[in-house]
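Dear colleague,

My findings follow directly after it.

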Amino acid sequence: MERTFTMIKPDGVKKALVGEIVKRYQDAGLQLVALKLTRLSRDKAEELYSVHQGKPFYMELVDFITSGPVAPMVIEGDNAVSRVRDIMGATNPKDADKGTIRGDFAEEVSENIVHGADSVESANREIPIFFNDDELVG
Ligand code: DAT
Ligand code: MG
C-alpha cells in the first residue's frame, strides 16, 4: 500500500473538473484519503515547487498555481504514485495520450490541470504542506 499526493490546479477547478478527476482515480481502484478546496499562499507554492527554483518557467508556475482555488488530495493504493502519474498523463499535454487527464483536458504545458508527486519521497514531503495528520481520514 502506498500514498501519494495529487492536486487539481486552478485551471482544472475553473473548468469544473474536480468531480471528473476524483472519479477517474476512484474508478481505477485508488482510495481517497483526504481532499479539500483551498487557495495556495505564495510561501506554500514556493515550498511545493522548490525543486523547480531557478528554472525559466518557475515564476510563471508559482503565479499560476496561486491564481485561484486548487483541490489537493491524498490517494492510497498499490503503486499509487505511478498509477496516479499514468492517469494524469505526460507533463506536456501535446505528448499526453487520450484517455489521460492531461490528454483529455489540457492544451498547454504551463496549464496542465493536475499536479502529482513523482515518488514516495516527494509525496511524503508534499502531503504535510497541505494536510495535517488528523485530516488524513480516508
Ligand atoms: P510534472 O507536473 O509532470 O511532475 P514537472 O515536475 O517537470 O512536471 O514540472 C512541474 C510543472 O511545471 C508542470 O506540471 C508544468 C510546469 N512546467 C514544466 N515544464 C515546463 C515548461 N517547459 N514550460 C512551462 N511550464 C512548465
Ligand atoms: Mg513534478
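The notes below cover conventions, fold and ligand surroundings.

This is a predicted model, in which local features need pLDDT of at least 70 and side-chain atom pairs count only at pLDDT 80 or more, while totals for chains, interfaces and linings use all residues. Residues are numbered from 1 along each chain as its sequence is written, chains are lettered from A and ligands numbered from 1 in the order in which they are written, and side-chain values use heavy atoms, with hydrogens and water left out.

An unreviewed UniProt entry annotates residues 1-138 as "domain: Nucleoside diphosphate kinase-like"; such annotations may be inferred rather than shown by experiment. Over that range the chain is 40% helix and 16% strand (DSSP runs, H or I of at least four residues and E of at least two, numbered from the N terminus).

Four strands form an open sheet in the order β2-β3-β1-β4, with antiparallel pairing (pairing requires at least two DSSP bridges). Because β2 (31-35) and β4 (114-116) are edge strands with a single partner strand each, one side of each is left without a neighbour in the sheet. Strand β1 (residues 2-8) is joined to β4 by three bridges, and M7 has H115 as its bridge partner in β4.

Two helices lie across this sheet, contact meaning heavy atoms within 4.5 Å. Helix α2 (residues 18-27) lies across β1, β2, β3 (71-77) and β4, at about 10° to β3. Helix α7 (residues 120-130) lies across β1, β3 and β4, at about 55° to β1. Angles run from 0 to 180 degrees between N-to-C directions, with axes fitted to C-alpha atoms, for helices over the stretch in contact.

The residues surrounding ligand 1 include K9, F57, L61 and R102 (a heavy atom within 4 Å). Polar side-chain atoms lie at the following distances from an oxygen atom of ligand 1: H52 at 3.0 Å, R85 at 2.8 Å and N112 at 2.9 Å.

Yours sincerely

How values were computed: A polar contact is a pair of N or O atoms within 3.5 Å; within protein, one must be able to donate a hydrogen and the other to accept it, and residues adjacent in sequence count only if both atoms are side-chain atoms.
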